[in-house]
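Here's a quick briefing on how some pieces of this fold pack together. Have a look at the structure first.

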Amino acid sequence: MTLRDTCSIVGAAELPPRRTTPGVTTLEMIARVSKLAIEDAGLEPGAIDGLAVGPQVGETPQHVPATVAEYLGLRPAYADIVDLGGASGAGMVWRAAAAIGAGICETVLCVLANSRDPDVIPRSPNRNPIREFDVPYGGSGANQAYAMVAQRHMAEFGTTAEQLAQVPVKQRTNAMLNPDAVFHGKPIDVLDVLASPMVMSPLHLLEVVMPCGGGAAVVVTANRQAGSLPHLPVPLLGAGEKVTHRALSQAPALTTSPLAPAIADAYAMAGVRADDIDLLSIYDCYSIVVAITVEDAGICPKGEGGRWLEENDLSIKGDLPINPHGGQLACGQADLAGGMGHIIEAVRQLRGEAGARQMATADIALVTGNGATMSEEVALVLGAR
Amino acid sequence: MTTGTERLPRPGFVSVQTTVPYWEAAAEGTLLLQRCKPAGHLQHYPRSICATCWSEDLAWQPASGRGAVWAFTVVHMSGHAAWRDEVPYTLALVELEEGPRLMTNVVGVDPESVHVGMAVELAAEHDTSGPQPLLQFSPVRPAESSPVP
């Protein structure tokens with residue numbers, strides 16, 4: 001693929017620079033200039049399926065693409081932040097072309113804005129919608145969103161606390177074979193989970209990931225040289241991404257997530273189906289995320305994730321292992337690096353280098369990444385066909 | 001060394017120019033939704049643009065104040081230190097009868113009795129201890145009188 005001939009710029013708009021822009025926020029200026037640009041393009045907002053934004057200093061410290069997407073009512077399959085100073089705008093254009101050329105999306109909104117309001121002395125370091133509308137009710141942090149997702153899943157499908165507790169229990173079992181896991185050698189049972197302190201109902205402490213320090217890195221190279229390097233290469237077969245919201249009040253649903261379209265896109269690109277997957281190396285910040293993921297991945301019907309987790313052996317002896325390394329629930333979560341850990345475990349297994357916890361057959365892996373309020377999702381299909 | 005008994009103040013009041021009318025109404029106990037005039041889309045949270053059609057021609061509309069609990073959680077370990085002593089309290093997403101959902105608290109009821117689908121309405125009184133006017137919900141109060149069938 002070359003970027004040449006992939007795409008064209010069809011809409012362009014500016015807000016004339018002014019010394020000060022009192023009374024408007026950066027988010028509002030993003031909305032205004034995006035509207036002008038889409039009108040110039042002669043397209044409807046609904047045509048936008050990719051979004052590139054810049055850092056939003058002073059308003060949103062993290063999850064910037066999701067915050068902007070949600071504000072604009074967009075649900076992009078490509079959501080990026082380009083943080084290259086004055087090169088951000090140009091940097092967005094070629095990245096948009098790469099995403100379009102790869103078939104990830106068709107129409108990308110690239111937007112940058114900055115409010116210069118002399119009267120604003122931030123009383124808080126950020127003033128995005130979650131800060132304004134959720135935090136004042138005591139709605140801070142990540143746990144509350146997943147707790148509400150779990151409550152809704154229980155109410156809709158009868159999922160039980162015992163079923164969700166299977167996740168940390170079975171991840172700890174897997175971690176018995178991973179000396180690097182923070183909870184290596186510390187198996188637990190369902191009663192331990194249910195007896196652990198309630199964090200936010202229905203989630204107990206032992207089904208919530210433990211924050212750690214750490215890091216992770218992968219090197220991705222073109223296939224033409226991948227075969228001549230020391231380890232067996234692990235090809236990328238398919239990828240999908242979907243961002244639907246930032247604040248939980250804006251979620252289209254709670255019991256299914258944007259993993260469903262992201263995984264479907266990854267499967268389609270890879271030319272595989274759910275029953276082709278040998279290994280689920282899937283994001284497990286909370287028990288409920290794993291239950292919803294196996295549903296959204298088509299491993300079991302919607303609503304039956306709890307029962308599936310109960311009935312299946314998630315270890316390397318089972319038919320479909322989940323996180324042989326123990327997942328983040330047993331390994332600990334080194335902030336965003338925890339998610340990359342699922343890629344690295346898949347690489348180990350597909351290379352045949354997982355040692356004591358090597359699966360007998362590991363040809364195709366589904367890897368998932370999850371962010372914010374189960375609202376930023378990526379799926380990868382890795383392996384040799 | 002802290003003794004652990006100081007109460008951390010709640011985060012300061014946040015509003016932007018667009019949302020000033022929302023918070024002024026909230027201080028009076030009224031929940032305003034935004035309606036985009038060309039298409040009638042209703043939305044919460046308020047913003048400078050209709051999230052459905054990107055119209056900037058928006059109006060305010062009072063909500064009925066009635067809805068149902070779409071999801072909730074009883075907080076035992078708060079995500080912010082300022083709420084450490086408030087636990088247990090109920091966070092909820094209420095789906096208003098007009099359609100939009102909002103983050104709020106369910107008050108005036110034992111947190112353990114809150115459930116998905118519970119019919120709620122704007123509470124008679126709201127927590128005024130913090131700097132941001134809150135619009136909280138409580139279970140629907142029984143009708144004044146109803147005929148005996």
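What follows covers a sheet, the helices on it, and a helix pair.

This is a predicted model, in which local features need pLDDT of at least 70, side-chain atom pairs count only at pLDDT 80 or more, and totals for chains, interfaces and linings use all residues. Residues are numbered from 1 along each chain as its sequence is written, chains are lettered from A and ligands numbered from 1 in the order written, and side-chain values use heavy atoms, with hydrogens and water left out.

**The sheet**
- Chain A has an open sheet of 3 strands in the order 2-1-3, with parallel pairing; strands here are DSSP E runs of at least two residues, helices are H or I runs of at least four, both numbered from the N terminus, and pairing takes at least two DSSP bridges.
- Strand 2 (78-81) and strand 3 (108-111) of chain A are at the edges with a single partner strand each, so one side of each has no neighbour in the sheet.
- Strand 1 (residues 50-53) of chain A is joined to strand 2 of chain A by 4 bridges, and A52(A) has D80(A) as its bridge partner in strand 2 of chain A.

**Helices on the sheet**
- Helix 2 (residues 64-71) of chain A packs on the sheet and touches strand 1 and strand 2 of chain A; contact means heavy atoms within 4.5 Å.
- Helix 3 (residues 88-101) of chain A also packs there, touching strand 1, strand 2 and strand 3 of chain A.

**A helix pair**
- Helix 5 (residues 143-157) and helix 10 (residues 287-296) of chain A pack at about 55 degrees, axes 10 Å apart; axes are lines fitted to C-alpha atoms, for helices over the stretch in contact, and angles run from 0 to 180 degrees between N-to-C directions.
- The contact involves Y146(A), V149(A), A150(A) and H153(A) of helix 5 of chain A, and I288(A), V289(A), I292(A) and E295(A) of helix 10 of chain A.
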